[in-house]
Amino acid sequence: MKTVNLDITYEEYSSIEEMDPTDQMLVKEAIEAQKGSYAPYSHFNVGAAVLLEDGIVVRGSNQENAAYPSGLCAERTAMFAASANYPGKAMLSIAIVGGFSHSVADTPCTPCGACRQVMAEYQTLSGKPMSVIMFGTDKVWKFSRVDDILPFIFDSFNEK
């Protein structure tokens with residue numbers, strides 16, 4: 001038996017102004033997307049924005065439903081819309097914001113496991129890393145690839 005350590009690297013910013021202009025733009029798109037959130041049960045509104053390889057940005061927001069679990073997270077809403085409307089285009093980055101009652105929380109909003117897996121699959125299919133930006137008003141985390149937030153990606157569709 002041996003013990004193995006897993007290290008991840010990410011950037012942490014104290015404000016949006018410290019970020020690259022493209023990342024700033026994507027976060028602002030995610031904040032705009034949050035306005036379309038339908039969350040009458042949890043009151044937790046999430047917005048996501050996906051940057052495609054050709055510069056197109058696709059927004060998504062969480063959508064709840066009384067027939068739980070019929071709703072969908074903002075991240076998957078954005079990624080599925082991007083894939084359906086722009087098939088074959090690589091998703092280079094995704095920004096995520098969340099907060100109660102359409103506010104943006106001070107700490108970053110992290111994606112659920114299902115969303116992380118969907119990110120991983122689109123990253124694998126494109127063959128390009130997808131960065132993940134989790135935004136909070138007091139702190140922002142940027143991961144350069146999905147592997148850093150989902151280290152043991154389920155990828156059985158790829159034969160080894």
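Helices (H or I, at least four residues) and strands (E, at least two) are DSSP runs, numbered from the N terminus. The structure is a predicted model, in which local features need pLDDT of at least 70 and side-chain atom pairs count only at pLDDT 80 or more, while totals for chains, interfaces and linings use all residues. Residues are numbered from 1 along each chain as its sequence is written, and side-chain values use heavy atoms, with hydrogens and water left out.

Three helices and six strands make up the secondary structure of the chain, and their order along the sequence is β-α-β-β-α-β-α-β-β. The radius of gyration, taken over C-alpha atoms, is 16 Å, close to the 15 Å that the globule rule gives for 160 residues, so the chain is as compact as a globular protein of that length. That rule is 2.2 Å times the number of residues to the power 0.38. The C-alpha trace spans about 45 × 40 × 35 Å along its principal axes.

Of the 160 residues, 42% are buried, where buried means under 20% relative accessible area (1.4 Å probe, protein chains only). Contact means heavy atoms within 4.5 Å; among contacts between residues at least 6 apart in sequence, 66% join residues at least 24 apart.

The interior can be followed through its nonpolar cores. A nonpolar core is a set of buried Ala, Val, Leu, Ile, Met, Phe, Trp, Tyr and Cys residues joined through side-chain atoms within 4.5 Å. The largest has 27 residues, and Met79, Met91, Ile94, Met119 and Val132 have the most contacts inside it. Two or more residues of this core come from each of strand E2 (44–52), helix H2 (74–85), strand E4 (91–100), helix H3 (113–126), strand E5 (131–135) and strand E6 (140–143). H3 gives the largest share, five residues. Not counting residues up to four places away in sequence, Met79 touches Val50, Met91, Ile94, Cys115, Val118, Met119 and Tyr122. Apart from this core lies another, of 13 residues, including Val27, Ala49, Val97 and Phe135.

Ser37 is found in the loop between helix H1 (21–34) and E2. Ser37 is buried, with a relative accessible area of 9%. Its contacts, not counting residues up to four places away in sequence, are Phe44, Asn45, Val46, Ser61, Asn62, Gln63 and His102.

Technical notes: Buried < 20%, exposed > 50% of the residue type's maximum accessible area, 1.4 Å probe, protein only.
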